[in-house]
Amino acid sequence: MSCSSRPPARLGVLVSGGGTNLQALLDAADADPRFGGEVVVVGADRADAGGLGRAKERGIATVVRQLSDHPDRATWEARLRADLEAHQVEVVVLAGFMRILSGAFLAGWPDRVVNTHPSLLPAFRGAHAVRDALAYGVRVTGCTVHLVDEQVDHGPIIAQQAVEIRPDDDEDALHERIKRVEHTLLPACVKLLCHDRLEVVGRAVRIREESS
Ligand code: GRF
């Protein structure tokens with residue numbers, strides 16, 4: 001099937017913070033008629049996530065699922081999954097979503113949940129990747145866009161891009177430069193996923209040629 005003959009893939013984006021990566025995705029989809037995906041719902045685990053406002057401005061549906069509002073983690077996750085399923089989401093994008101998702105959630109979208117992480121994995125996994133890279137004293141860090149598996153910041157890598165660390169960098173300055181790179185890399189990887197151009201072979205991701 002040619003890319004242009006199928007309807008845009010339905011994207012569900014999960015955020016916890018300001019949502020600049022969500023914004024980059026929305027802007028990329030607007031700017032590129034061949035993007036192949038459309039954000040149909042934005043979910044957050046916090047009511048104050050800035051990304052929710054960005055979605056509302058565009059008239060995109062939003063859901064808030066706070067862990068503390070649920071009796072346990074499994075219930076929270078099952079409801080979040082049901083929220084996305086209610087919007088017939090085909091690809092899930094974790095754009096600064098600071099919660100771990102289990103196999104029960106991921107089973108809904110095999111090899112179709114993508115995350116962006118602010119380091120060159122497998123270095124500096126976890127919630128403080130930028131701080132940890134600075135503390136370690138590495139000269140180069142960057143960002144990684146990867147498919148999500150059951151381990152934290154671990155799944156098959158789609159793309160990575162390096163960012164040099166400057167002598168006067170602090171966490172905020174470095175994270176800002178990493179985010180600027182994420183804002184291009186994440187939409188590019190989501191576009192590949194929307195066009196079904198990723199093939200997972202073991203830990204490796206192969207990018208198929210574009211069909212004409
Ligand atoms: C990004 O750097 C992402 O890699 C990390 O959190 C940040 C989210 O930024 N997990 P934003 O909310 O998209 O602005």
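In this predicted model, the elements that cover the buried residues of α3 include β1, β2, β3 (61-64), β4 and α4 (103-106). The buried residues of α3 are Trp 76, Glu 77, Leu 80, Asp 83 and Leu 84. These residues cover an arc of only 115° around the axis, which puts them on the same side of α3. The face of α3 turned away from this buried side carries the exposed residues Ala 74 and Ala 86. Helix α3 comprises 14 residues and reaches 20 Å from its first C-alpha to its last, close to the 20 Å expected at 1.5 Å a residue.

Both ends of α3 show local features. At the start of the helix, a side-chain oxygen of Asp 72 reaches to within 3.3 Å of the backbone nitrogen of Ala 74. The helix is followed by Gln 88, which has a positive phi, near 50°. Within α3 (residues 73-86), Glu 85 and Arg 81 lie four residues apart, about one turn of the helix, and their side chains meet in a salt bridge with an N to O distance of 2.7 Å. With a relative accessibility of 38%, Glu 85 counts as partly exposed; Arg 81, at 24%, also counts as partly exposed.

Helix α1 has twelve residues, and the distance from its first C-alpha to its last is 16 Å, close to the 16 Å expected at 1.5 Å a residue. Buried positions in α1 are Asn 21, Leu 22, Gln 23, Ala 24, Leu 25 and Leu 26. Their cover includes β1, β2, α2, β4, β5 (113-117) and α6. Gln 23, a residue of α1, has a relative accessibility of 18% and therefore falls in the buried class, for which the limit is under 20%. Residues up to four places away in sequence aside, Gln 23 touches Arg 54 and Arg 58. Arg 58 is in turn linked with Asp 27 and Asp 30 in a network of salt bridges.

The largest nonpolar core contains 39 residues, of which Val 13, Val 15, Val 39, Val 42, Val 93, Ile 158 and Val 190 touch the most other members. Two or more residues of this core come from each of β1 (9-15), α1 (20-31), β2 (37-44), α2 (50-57), β4 (91-94), β6 (140-147), β7 (157-164) and α6 (171-194). The greatest contribution is that of α6, which supplies ten residues. For Val 39, the contacts beyond neighbours within four places in sequence are with Leu 11, Val 13, Leu 22, Leu 26 and Ile 60. A second, separate core consists of 18 residues, among them Val 41, Leu 67, Phe 105 and Trp 109.

Across the whole structure, a search finds eleven salt bridges. One of them joins the side chains of Asp 32 and Lys 191, at an N to O distance of 2.7 Å. Because Asp 32 lies in the loop between α1 and β2 whereas Lys 191 belongs to helix α6, this pair ties together parts that are 159 residues apart in sequence. Lys 191 is partly exposed, its relative accessible area being 25%. A further salt bridge is formed by the side chains of Arg 34 and Glu 210, with an N to O distance of 2.5 Å. Arg 34 is located in the loop between α1 and β2 and Glu 210 in the segment after β9 (204-207), so that this pair connects parts 176 residues apart in sequence. Arg 34 is partly exposed, with a relative accessible area of 41%, and Glu 210 counts as partly exposed at 43% relative accessibility.

Ala 127 is found in the loop between β5 and α5 (129-136). This residue has a relative accessible area of 55% and is therefore classed as exposed, the limit being over 50%. The C-alpha atom of Ala 127 is separated by 26 Å from that of Val 200, a residue 73 positions away along the chain.

Notes
Residues are numbered from 1 along each chain as its sequence is written. This is a predicted model: local features need pLDDT of at least 70, side-chain atom pairs count only at pLDDT 80 or more; totals for chains, interfaces and linings use all residues. Side-chain values use heavy atoms; hydrogens and water are left out. A nonpolar core is a set of buried Ala, Val, Leu, Ile, Met, Phe, Trp, Tyr and Cys residues joined through side-chain atoms within 4.5 Å. Buried means under 20% relative accessible area, exposed over 50%, partly exposed in between (1.4 Å probe, protein chains only). Contact means heavy atoms within 4.5 Å. A salt bridge is a side-chain nitrogen of Lys or Arg within 4 Å of a carboxyl oxygen of Asp or Glu. The expected span of a helix is 1.5 Å times one less than its number of residues. The arc is that of the directions from the helix axis to the C-beta atoms. A polar contact is a pair of N or O atoms within 3.5 Å; within protein, one must be able to donate a hydrogen and the other to accept it, and residues adjacent in sequence count only if both atoms are side-chain atoms.
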